[in-house]
Structures are given as structure tokens and as C-alpha cells.
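Please have the chain open in a viewer while reading. The text below goes through it one place at a time.

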Amino acid sequence: MKRYIKELIIFVLQLCMFYILPLFAGPADAIGMVLLIVLATLLLSLVIGVASDSKVKYLYPVVIAVTFIPSVFIYYNESALIHSVWYLIVSVVGLAIGSLINLLSHKTKLSK
């Protein structure tokens, strides 16, 4: 459990973005909220790609897409289910970029 603490912290931050942040948005702020959550998902998946060396990080995009689905029924309507696909794609891109940065930083450390 201790070896996955970084991943758990990032996951809890993501859950806060999905479930707590929409409480403070009004009905007119829905588009801005979606954009904010997409950018936060990209940033958090980039961070997990850079910070984590464990294999569990590759499950992160699927877990994020699945954990968004209950928030659709709590805050939005069924037409927002397509956003879970966007969160999957955005988190895969962020994870890939973060893993590439992690790989390149390890290679430069090894070459010194």
C-alpha cells in the first residue's frame, strides 16, 4: 500500500475534481466545468506518468473513465456519458507524455 501512495493521492485529487468541484458550479458554468476537469485530468495524468514508476499507473486512464460515470448521473444528464471517453483519451495522452518525460529523465541520469 505504501508503494502506491503517489498514485492514491493523484486519484483522490481526481475524485475531488469529479465530485466536489461541480458542487460549486452553477448551471451556466457547465461548459467551463467540463473544460476545467479535462485540463485537470490531463495535468494529473501527466503528473502520474512522471512521478510513478509502478505498473499500476497504466490502469489510471481506465479507472478515471469508469469513476466519472457515477458523476454523470449525480450532476449531469445521460448525454454527458460521452465525456468518459474524452477523459479516457485525455488521460492516455497525459500518461504517455508523462511516461516519456520520465523515461527521458532516467536516460539522462544514467548517461551522466
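T67 sits in helix α3 of what is a predicted model. Is T67 buried or exposed? With a relative accessible area of 16%, T67 falls under the 20% limit and therefore counts as buried. Its side chain reaches the backbone oxygen of I64 at 3.1 Å. Setting aside residues up to four places away in sequence, T67 touches F11, L15, F18 and Y19. For one of these, Y19, the separation in sequence is 48 residues, while the C-alpha atoms of T67 and Y19 are 9.7 Å apart in space.

The helix around T67 can be taken next. Helix α3 has 16 residues and spans 23 Å from its first C-alpha to its last, close to the 22 Å expected at 1.5 Å a residue. Its buried residues are Y60, P61, I64, A65, T67, F68, S71 and V72. Confidence in the chain is highest in α3, at a mean of 90, and lowest in α2, at a mean of 85.

The wider setting is as follows. The chain holds four helices and zero strands, so that the order from the N terminus on reads α-α-α-α. Along the principal axes, the C-alpha atoms fill a box of roughly 55 × 25 × 20 Å. Of the 112 residues, 33% count as buried. Among contacts with a separation of 6 or more, 72% are between residues 24 or more positions apart. The mean pLDDT of the chain is 85, and 94% of the residues reach 70 or more. Where pLDDT is low, predicted coordinates should not be read in detail.

Which residues have the most contacts inside the largest nonpolar core? They are F18, I37, Y60 and Y87, in a core of 18 residues. Helices α1, α2 (30-51), α3 (60-75) and α4 each supply at least two residues of this core. The largest share, seven residues, comes from α2. As a general matter, nonpolar side chains in soluble globular proteins tend to be buried together.

A pair of aromatic rings is described by the distance of the centres and the angle of the planes. With centres required to lie within 6.5 Å, the count comes to five aromatic pairs. In one of them, F18 and Y87 are 5.3 Å apart centre to centre with 55 degrees between the planes, a tilted arrangement. This pair links distant parts of the chain, since F18 belongs to helix α1 (residues 5-19) and Y87 to helix α4 (residues 82-111), 69 residues apart. Both F18 and Y87 are buried.

Why is the pair of Y75 and Y76 edge-to-face? The ring centres of Y75 and Y76 lie 6.3 Å apart and the planes stand at 65 degrees, which is over the 60 degrees that sets edge-to-face apart from tilted. Ring pairs join F18, F68, Y75, Y76 and Y87 into a cluster.

Polar residues also occur among the buried positions. Q14 has its place in helix α1 and is buried, with a relative accessible area of 0%. What does the side chain of Q14 make a polar contact with? Its partner is the side chain of T41, at 2.9 Å. Beyond neighbours within four places in sequence, Q14 is in contact with A40, T41, L44, Y60 and I64. Y60 is also one of the residues with the most contacts inside the largest nonpolar core, and I64 is the residue whose backbone oxygen the side chain of T67 reaches.

A last stop is S99, which is found in helix α4. At 16% relative accessibility, S99 counts as buried because the value is under 20%. Leaving out residues up to four places away in sequence, S99 touches G49, V50, K57 and Y58.

Conventions: Residues are numbered from 1 along each chain as its sequence is written. This is a predicted model: local features need pLDDT of at least 70, side-chain atom pairs count only at pLDDT 80 or more; totals for chains, interfaces and linings use all residues. Side-chain values use heavy atoms; hydrogens and water are left out. Rings of Phe, Tyr and Trp (its six-membered ring) pair if their centres lie within 6.5 Å; planes under 30 degrees apart count as stacked, over 60 as edge-to-face and the rest as tilted. Buried means under 20% relative accessible area, exposed over 50%, partly exposed in between (1.4 Å probe, protein chains only). A nonpolar core is a set of buried Ala, Val, Leu, Ile, Met, Phe, Trp, Tyr and Cys residues joined through side-chain atoms within 4.5 Å. Contact means heavy atoms within 4.5 Å. A polar contact is a pair of N or O atoms within 3.5 Å; within protein, one must be able to donate a hydrogen and the other to accept it, and residues adjacent in sequence count only if both atoms are side-chain atoms. pLDDT is the predictor's confidence in each residue, from 0 to 100. The expected span of a helix is 1.5 Å times one less than its number of residues.
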